[in-house]
Amino acid sequence: MQLTIRALSKQYANGVQALDGISLDIPAGMFGLLGPNGAGKSTLMRTLATLQEADGGGARLGDIDILREPARVRQVLGYLPQDFGVYPKVSALDLLDHLARLKGVVNASERRATVEALLQRVNLFDVRKQALGGFSGGMRQRFGIAQALIGSPKLIIVDEPTAGLDPEERVRFHNLLADIAQDIVVILSTHIVSDVSDLCSRLAIINKGRVLLTGEPAALVANLKGRIWGAAVDKQAVESLKATMPVIATRLHSGRTLLRVYAESPPAAGFERAEADLEDVYFCAIGGHLTQAASAAAGAA
Ligand SMILES: Nc1ncnc2c1ncn2[C@@H]1O[C@H](COP(=O)(O)OP(=O)(O)OP(=O)(O)O)[C@@H](O)[C@H]1O
Ligand SMILES: [Mg+2]
């Protein structure tokens, strides 16, 4: 099963062009959709989840035309929205049972087996009778994955699922996602680069409704090799340096500022080659220093 997105566009009534010709090929496995606030991630995900319409373009999942056959999509879709709300007074068991019934698991014993297996899988079986209002953020997100998994979906869409999770819960959540992405398409949106580097076999970086870069994390990083430079400078010097060279990131370290710069050769005295990572790829793409064409050319060279 493969997801194919072609020239998808969407303009909201207020004039914001949230999707501006998005085209992507997404194979089975975990796909990371990386972009800053307002990039269009949730708009794209809601469109694929058939919750809102596009203005133009198309999307297919296997033989399903996503824009024209929403009912078929919903049969094979699991979706965890960015603002997933729960009924605070209802137990995990009861809400999951209710959601399974809505999703068409009508046979009571089959439903009980499904719900209990899902609660085991997301490690909430022991707390299944507790009210959801008392769950931590991580427990709530794991519940969100359990409901997305009802009915063995072929496409799972999770919108910023790790926001607000502590490091331990993030790792637990990552493991859970990695486990389900064996032969189905899982799309995860995030603005946290490490979510993608730890987890996704492919990614796209989007901003302002456009795809800036897409590929495999390791290949995208390899394409930057030798072109990231670092130096520690005084805080006062940062602004003037930014005006003269493509600074992609600044970070404070022991009272000094560490600069990272994208350049073919040393941008100034005192700069040393730094090892590129996916964060550099992200900031280069968002900063407009790296395009798909440039990245592909570097990869071919
Ligand atoms: N219902 C709406 N009506 C008008 N504009 C909207 C609507 N929903 C989103 N937008 C705008 O469309 C753009 C894309 O928003 P979207 O929520 O898809 O971005 P996002 O990448 O999910 O951002 P975030 O990381 O903050 O969740 C933004 O400029 C946003 O303000
Ligand atoms: Mg969003």
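In this predicted model, helices α3 and α4 cross in a right-handed sense. Their packing angle is about 125°, and their axes lie 10 Å apart; because angles of 65 to 115 degrees count as roughly perpendicular and those over 145 as roughly antiparallel, α3 is classed as oblique to α4. On the α3 side the contact is made by Ala92, Leu93, Leu96, Asp97, Ala100 and Arg101, while α4 contributes Arg111, Val115, Leu118 and Leu119.

The sheet that can be followed next is an open one of six strands, ordered β6-β7-β8-β3-β9-β10 and with mixed pairing. The edge positions are taken by β6 and β10, each of which has a single partner strand, so that one side of each is left without a neighbour in the sheet. Averaged over the sheet and with direction ignored, neighbouring strands are turned by 15° against each other. Within this order, β3 and β9 run parallel and are joined by four bridges, and leucine 34 has isoleucine 205 of β9 as its bridge partner. Helix α1 lies across β3, β6, β7, β8 and β9, and its direction makes an angle of about 155° with that of β8.

The magnesium ion (ligand 2) is coordinated by the OG atom of Ser42 and the OE1 atom of Gln82, at 2.0 to 2.1 Å. The two residues can be set side by side as follows.

| Residue | Relative accessible area | Class |
|---|---|---|
| Serine 42 | 14% | buried |
| Glutamine 82 | 44% | partly exposed |

Serine 42 is classed as buried because its relative accessible area of 14% is under the 20% limit, while glutamine 82, at 44%, is partly exposed because that class covers values between 20% and 50%.

For the protein chain as a whole, the secondary structure comes to eleven helices and 14 strands, and the C-alpha trace spans about 70 × 45 × 40 Å along its principal axes. Of the 301 residues in the chain, 48% are buried. Among the contacts between residues at least 6 apart in sequence, 67% join residues at least 24 apart.

Note on methods:
Residues numbered from 1 in each chain as written. Chains lettered and ligands numbered in written order. Predicted model: local features only at pLDDT ≥ 70, side-chain atom pairs only at ≥ 80, totals over all residues. Heavy atoms only, no water. Donors = N, O, S within 2.8 Å, 3.2 Å for Na, K, Ca; no water. Buried < 20%, exposed > 50% of the residue type's maximum accessible area, 1.4 Å probe, protein only. Pairing = 2+ DSSP bridges. Helix = DSSP H or I, 4+ residues; strand = E, 2+ residues; numbered from the N terminus. Axes fitted to C-alpha atoms, helices over the stretch in contact; angles between N-to-C directions. Contact = heavy atoms within 4.5 Å. Parallel < 35°, antiparallel > 145°, perpendicular 65-115°, else oblique. Left-handed = near helix turned anticlockwise from the far one by under 90°.
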